[in-house]
Amino acid sequence: EKIMDKRIGAQLYTVRNFVQDEAGFQSTMKKLSDIGFKAVQISGVGNIRPEVMREICEKNNLAISCTHKSFEDYRDNCDKMIEFHKALGCDIAGLGCFPDEYKVDDVEVLDRGIEVLNNVCDKMRSEGIDFAYHNHAFEFSRLSNGQSMFERIIEKGKFNVIFDTYWATAAGFDAADWLEKLGERACVLHYKDMKTRFDNSSYYAPVGEGNMNFDKIVKASEKSRWAMIEQDSCDGEDPIVCLERSYRYLTSKYDFI
């Protein structure tokens, strides 16, 4: 049985504005390493060669847990994507999202999209790379057959999941319950917290500063391989500082390193 890698990571989408070129990537990896981070997810970065990112991460003792690339990248350039992940030294290839054409309640349309991803998954597996789908909130909407889109993806898809605890919560579900259901299939987790404002709107918060039950979520995370901290928007605060607050909270309260 796989045990979770306790090296908590930073999802680089959080600091996307700082990693658009090599110099920015380099200084940001150093800052994350100085905070204590031991892993990152490559997402939202500029056009930097995978060999270069790998070298910079290695120099800063940062493991690369997984990536995010687009549906079109995987569908149209699967061989290139395999090369990219091998050059990066990363064995989990993540898909950020289904494109809009699949965000409909038509089961047949969704099944065609899942079929495309299953083919990608087969190709990647044969090269030793796991393929994983990252959820938002829309996947929890209902299809014409009464299933949620997410349930259909899990049932018909061969691939794993990069499970976003915030978006499952935003969609009205208990993230820990879903983690129990998914087990090892939730190979990477996105940890982010949700706070509520006085006008009842919800917003992203550093982990530990919102209302989500991380005791329960962390307990249900054991079968996953990695947990990555993400904060889509930092409400005018410095994203590095927000990541640090999440990191301090998770490493002081749980057995992450």
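Biologist: At what angle do helix α1 and helix α10 pack?

Modeller: This is a predicted model. Helix α1 covers residues 22-35, and helix α10 covers residues 239-253. Their axes lie 10 Å apart. The packing angle is about 25 degrees.

Biologist: Is α1 roughly parallel or oblique to α10?

Modeller: The angle between α1 and α10 is about 25 degrees. Angles under 35 degrees count as roughly parallel. Therefore α1 is, relative to α10, roughly parallel.

Biologist: Which residues of α10 does α1 meet?

Modeller: α1 passes α10 in a right-handed crossing. From α1 come Thr28, Lys31, Leu32 and Ile35. Their partners in α10 are Ile240, Leu243, Glu244, Tyr247 and Arg248.

Biologist: How many charged residues are in the contact of α1 with α10?

Modeller: This contact includes Lys31 in α1, and Glu244 and Arg248 in α10. By class, it has 5 nonpolar residues and 1 polar residue. The charged residues number 3.

Biologist: Is α4 oblique or roughly parallel to α5?

Modeller: Helix α4 spans residues 78-88, and helix α5 spans residues 107-125. Their axes come within 10 Å and cross at roughly 45 degrees. That angle makes α4, relative to α5, oblique.

Biologist: Which residues of α5 meet α4?

Modeller: The crossing of α4 past α5 is right-handed. On the α4 side, the contact uses Cys78, Met81, Ile82 and His85. On the α5 side, it uses Val120, Lys123 and Met124.

Biologist: How many nonpolar residues does the contact of α4 with α5 have?

Modeller: Met81 and Ile82 in α4 are among the contact residues, as is Val120 in α5. The contact has 1 polar and 1 charged residue. Its nonpolar residues number 5.

Biologist: Which residues of α6 meet α5?

Modeller: Helix α6 runs over residues 149-156, and its axis crosses that of α5 at roughly 40 degrees. The two helices are therefore oblique to each other, and their crossing is right-handed. α5 supplies Val107, Leu110, Asp111, Ile114 and Asn118. α6 supplies Met149, Arg152, Ile153 and Lys156.

Biologist: How many polar residues are in the contact of α5 with α6?

Modeller: Asn118 in α5 belongs to this contact. The contact also has 5 nonpolar and 3 charged residues. The polar count is 1.

Biologist: Which residues are closest to the centre of the largest pocket?

Modeller: The largest pocket has a volume of about 300 Å³. It is lined by 23 residues. The closest to its centre are Ile42, Ser43, Gly44, His68 and Lys69.

Biologist: How many polar residues line the largest pocket?

Modeller: The lining has 8 nonpolar residues and 6 charged residues. Its polar residues number 9.

Technical notes
Residues are numbered from 1 along each chain as its sequence is written. This is a predicted model: local features need pLDDT of at least 70, side-chain atom pairs count only at pLDDT 80 or more; totals for chains, interfaces and linings use all residues. Side-chain values use heavy atoms; hydrogens and water are left out. On a 1 Å grid over the protein atoms alone, a cavity is a set of points where a 1.4 Å probe fits but cannot get out, and a pocket is an open set with protein on both sides within 12 Å along at least five of seven lines; lining residues have an atom within 4 Å of a point. Grid points are joined across faces, edges and corners, and a volume is the space filled by probe spheres set on the points. Ala, Val, Leu, Ile, Met, Phe, Trp, Tyr, Cys and Pro count as nonpolar, Asp, Glu, Lys and Arg as charged, and the others, Gly among them, as polar. Axes are lines fitted to C-alpha atoms, for helices over the stretch in contact, and angles run from 0 to 180 degrees between N-to-C directions. Helices (H or I, at least four residues) and strands (E, at least two) are DSSP runs, numbered from the N terminus. Angles under 35 degrees count as roughly parallel, over 145 as roughly antiparallel, 65 to 115 as roughly perpendicular and the rest as oblique. A crossing is left-handed if the near helix is turned anticlockwise from the far one by less than a right angle, and right-handed if clockwise. Contact means heavy atoms within 4.5 Å.
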